[in-house]
Amino acid sequence: MDLGEINPVLLIASLMVAATPLLLAAIGELVVEKAGVLNLGVEGMMIVGAISGFAISVETGSPWLGFIAAAIGGAVLSLLFVLLTQFALANQVASGLALTLFGLGFSALLGQGYVGVKPPSMGDIHIPLISDIPVIGPILFQHDPILYVGIALTAAVWVVLKYTRVGLILRAVGENHDAAHALGYKVIKIRILAILFGGACAGLGGAYISLIRVPQWTEGMTAGVGWIALALVVFASWKPWRALLGAYLFGGITVLQLNLQAAGVAIPVEYLAMSPYIITILVLVILSADKSSAPASLGRIFHASH
Amino acid sequence: MTTPLLSLQRLTKAYPGVVANDQVSFDIGEGEVHALLGENGAGKSTLVKMIYGLVKPDSGTMLLRGQAFAPPEPRAARADGIAMVFQHFSLFDALNVAENIALGMENPPPMGDLASRIREVSETYGLPLDPFRTVGDLSAGERQRVEIIRCLLQDPKLLIMDEPTSVLTPQEVEILFETLNKLRSEGTSILYISHKLEEIRTLCDHATILRLGKNVGECVPSETSARDMAEMMVGSTLQTPERSGREFGDVALDVSGLSVPSPSEFGTALKNVHMTVRKGEVLGVGGVAGNGQDELLGVLSGEIQTTADAIKFNGQPIGKLGPTARRKLGVLTAPEERLGHAAAPDMSLTENALLTGSVREGLENNGFLKWSETKSFAEKIISAFDVRTPGPENAARSLSGGNLQKFVIGREVLQNPDVLVVNQPTWGVDAAAAASIRQSILDLAAKGTAVICISQDLDELMEISDSFAALNEGRLSAPRTTTGLTVDEIGLMMGGAHGMEVAHV
């Protein structure tokens with residue numbers, strides 16, 4: 001066992017990379033749930049985003065086009081959820097589970113020709129001066145652009161939800177859809193837009209795994225990150241910055257336990273592997289002990305007739 | 001003659017199976033308080049929804065100051081100066097007052113400016129309100145102020161109020177009326193929907209009466225007696241429940257020092273509640289909604305359990321028993337919420353009859369259900385309480401509110417309880433059905449059952465109860481005999497104007 005081999009700078013830098021897919025998916029789902037919709041299909045939308053992003057960037061050679069395709073892919077799959085829950089008024093839990101199962105199968109089909117292919121690399125941003133600062137530079141300023149997109153998205157979602165009229169209307173729809181309808185807001189339209197946004201974010205998160213974090217394509221490679229994102233939204237009490245905190249915590253412990261495994265710590269691997277899940281949930285449960293609660297219309301079907 | 005503010009001409013709206021409004025015409029003048037009277041299901045709500053743009057009429061026209069007016073959506077109606085205060089408040093519990101108000105406006109100013117305008121308008125009209133409080137923490141009267149101020153900030157020409165006083169104490173009603181009178185003097189017209197006739201007589205200039213979707217008459221309320229208006233509403237002479245002088249027996253239910261926290265986040269905890277009910281006595285529990293009524297029912301039914309000695313039935317402590325054990329002893333309850341609490345909406349009437357009747361009616365044998373007995377029990381309820389339904393196999397959800405209410409009350413009454421607790425027994429029920437439900441409660445008491453009737457309808461409580469107590473913030477006032485109680489005394493028992501200042505404008 002040699003803990004000295006763990007480089008703290010690399011550790012922190014890589015935890016941000018490990019956390020980004022989770023953060024992207026969670027921020028998208030947070031917006032969806034704030035609008036009062038429970039979409040359990042995050043995992044399915046992520047994996048579809050992962051393969052669409054992978055395929056397009058391999059075919060075009062451009063990772064940027066890949067990420068755009070991933071967002072579109074995730075949003076298109078969420079359109080299926082829109083049809084089921086907003087028009088056919090199907091149960092949201094069942095529709096979300098179906099979306100995940102469908103996404104996993106469909107992505108495996110799409111990805112058959114891409115196993116073992118290497119995608120084009122996106123490359124990191126090197127901002128002169130600040131990225132050369134010792135310690136802080138490698139940790140904060142030498143990453144790929146999508147990682148910064150994730151952080152910017154968190155800040156944007158926070159500002160929009162808290163300070164803008166669009167955010168207020170979105171929260172109102174999630175809080176009491178009947179009252180929002182009575183005031184003349186288009187509940188269904190607002191929810192559709194939120195669901196599409198959630199799908200696009202999940203798609204981006206999935207593509208981050210297949211294009212940057214891993215980078216290669218294997219079936220089922222999202223490996224439950226979508227489910228963690230769902231749990232994260234709840235334990236983060238539907239607050240964007242807490243979701244970021246939870247994602248970094250989860251990413252951090254995931255990276256740390258991998259490093260500890262590599263260093264040969266005398267703790268069974270199984271315990272190390274489960275530690276990120278336990279610790280993240282524990283911390284967020286403690287944090288979420290305040291009075292904030294779920295959007296009151298979460299998961300309820302809206303129909304304008306009454 | 002001057003052009004009326006809003007003129008409705010032959011408005012008709014039909015839903016599958018029912019014509020909600022049938023060629024309704026009337027005019028609302030400038031600066032007039034116009035009452036719209038009618039029983040539940042008379043089509044009042046549909047009519048105002050058409051004016052507010054929530055529902056489109058099938059035929060007929062509306063003229064606003066002589067111009068054709070057909071709002072496709074509430075936004076358009078608001079832009080033309082129509083504002084509405086809803087019967088079931090259309091507020092968002094988790095948002096604060098200013099955010100709620102911003103949602104009801106087309107072009108809200110920035111939050112800081114809006115907050116100061118809310119303060120300004122609320123002071124002017126004698127409705128003080130803090131813009132940054134969370135709406136979930138407000139009392140019913142304060143929530144209504146939020147809605148009214150939301151409307152006033154848009155300088156409406158016509159303010160529609162759907163049953164505004166159903167949740168207010170008499171003192172709060174006075175404050176509201178002062179506000180409305182001030183608005184009228186400034187030239188705002190008000191369309192006031194209610195079935196409380198005395199209020200309409202004091203407030204309104206003109207009244208239109210709807211029955212079964214048709215305009216059946218107009219009158220000047222101050223010159224028409226309440227009884228005449230009621231008979232126009234119902235279309236037949238009213239029957240008031242009969243009660244004979246009764247002797248009370250021993251104490252059946254004894255509640256002492258009962259304190260329980262509320263199970264819900266926005267609920268009210270019960271604090272040190274004392275009461276006794278004797279056999280044959282009807283105790284009326286009044287109070288504005290949300291002052292612990294649901295919790296009181298829950299703790300008496302056994303849904304909320306407490307220390308054993310806090311509740312005694314015939315001297316036996318039952319505080320720790322669950323609902324089934326209490327039913328077995330003879331303590332029965334009928335909660336307020338029909339769909340989801342008193343009845344399971346998607347289950348048939350037979351199944352619903354089984355759910356509370358299985359213990360006392362012996363509808364269960366070693367865990368196996370006796371369906372044929374259950375069905376005849378359900379049929380017995382349907383015939384005894386005149387529940388209008390094709391048969392007991394229909395889902396509870398398919399019944400109208402009044403019919404389902406008759407069913408859930410009848411289900412408990414027919415089980416011959418020793419103690420019966422009912423919450424809002426005639427809520428949303430038309431006058432004829434309400435009278436028959438009240439009569440059945442009185443008949444039960446005459447046979448020696450101790451009855452606790454929790455209600456927000458003071459007239460109902462005065463009609464059926466022998467003694468009266470009021471819930472205020474989870475505390476129960478000392479019960480008093482109803483004979484000789486005045487409205488002022490009742491108002492004070494209910495907590496006055498809830499610590500809110502009376503308007504001086």
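The centres of domain 1 and domain 2 of chain B, taken over C-alpha atoms, are 32 Å apart. Domain 1 covers residues 6–234 of chain B, while domain 2 is made of 251–339 + 417–493; such bounds come from an automatic or database domain assignment. Keep in mind that this is a predicted model, in which local features need pLDDT of at least 70, side-chain atom pairs count only at pLDDT 80 or more, and totals for chains, interfaces and linings use all residues. Residues are numbered from 1 along each chain as its sequence is written, and chains are lettered from A and ligands numbered from 1 in the order in which they are written.

Let us begin with a sheet of chain B. Six strands form an open sheet in the order E6-E7-E8-E3-E9-E10, with mixed pairing. Here helices (H or I, at least four residues) and strands (E, at least two) are DSSP runs numbered from the N terminus, and two strands pair if DSSP finds at least two bridges between them. Strand E6 (82–85) and E10 of chain B stand at the edges with a single partner strand each, so one side of each has no neighbour in the sheet. From one strand to the next, the twist averages 20°.

Now look at both ends of that strand order. E6(B) pairs with strand E7 (residues 158–162) of chain B in the parallel sense over four bridges, and Val85(B) has Met161(B) as its bridge partner in E7(B). At the other end, strand E9 (residues 206–211) and strand E10 (residues 214–219) of chain B run antiparallel and are joined by five bridges. Ile209(B) has Gly217(B) as its bridge partner in E10(B). The hairpin of E9(B) and E10(B) has two residues between the strands, and Leu212(B) takes a positive phi near 50° there.

Helices join the picture next. Helix H1 (residues 44–51) of chain B packs on this sheet, touching strand E3 (33–37), E6, E7, strand E8 (189–194) and E9 of chain B. The direction of H1(B) makes about 150° with that of E7(B); axes are lines fitted to C-alpha atoms, for helices over the stretch in contact, and angles run from 0 to 180 degrees between N-to-C directions. Helix H5 (residues 140–152) of chain B lies across E6 and E7 of chain B and runs at about 180° to E6(B). For contacts, the C-beta atoms of two residues, placed from the backbone, must lie within 7 Å.

A second sheet of chain B has four strands, in the order E12-E11-E14-E15; it is open, and the pairing is antiparallel. E12 and strand E15 (316–317) of chain B are at the edges, each with a single partner strand, so one side of each lacks a neighbour in the sheet. Strand E11 (residues 251–260) and strand E12 (residues 270–278) of chain B are joined by six bridges, with Leu253(B) opposite Val277(B). E11(B) also has three bridges to strand E14 (residues 311–313) of chain B, where Val255(B) has Ile311(B) as its bridge partner. Two bridges then pair E14(B) with E15(B), and Phe313(B) stands opposite Gln316(B).

Is Val260(B), with its 21 C-beta neighbours inside 10 Å, buried or exposed? This residue of strand E11 of chain B counts as buried, given that a residue is buried if 20 or more other C-beta atoms lie within 10 Å of its own, exposed if 12 or fewer, and partly exposed in between, with C-beta atoms placed from the backbone. Leaving aside residues up to four places away in sequence, Val260(B) touches Ala269(B), Leu270(B), Glu295(B), Val299(B), Ile304(B) and Thr306(B).

The largest nonpolar core has 221 residues, and Leu22(A), Ala26(A) and Ile160(B) have the most contacts inside it. Such a core is a set of buried Ala, Val, Leu, Ile, Met, Phe, Trp, Tyr and Cys residues joined through C-beta atoms within 7 Å. Helix H9 (residues 187–213) of chain A gives the most to this core, with 16 residues, and each of domain 1 and domain 2 of chain B supplies at least three. Ala26(A) touches Ala229(A), Leu232(A), Val233(A), Ala243(A) and Ala247(A), not counting residues up to four places away in sequence.
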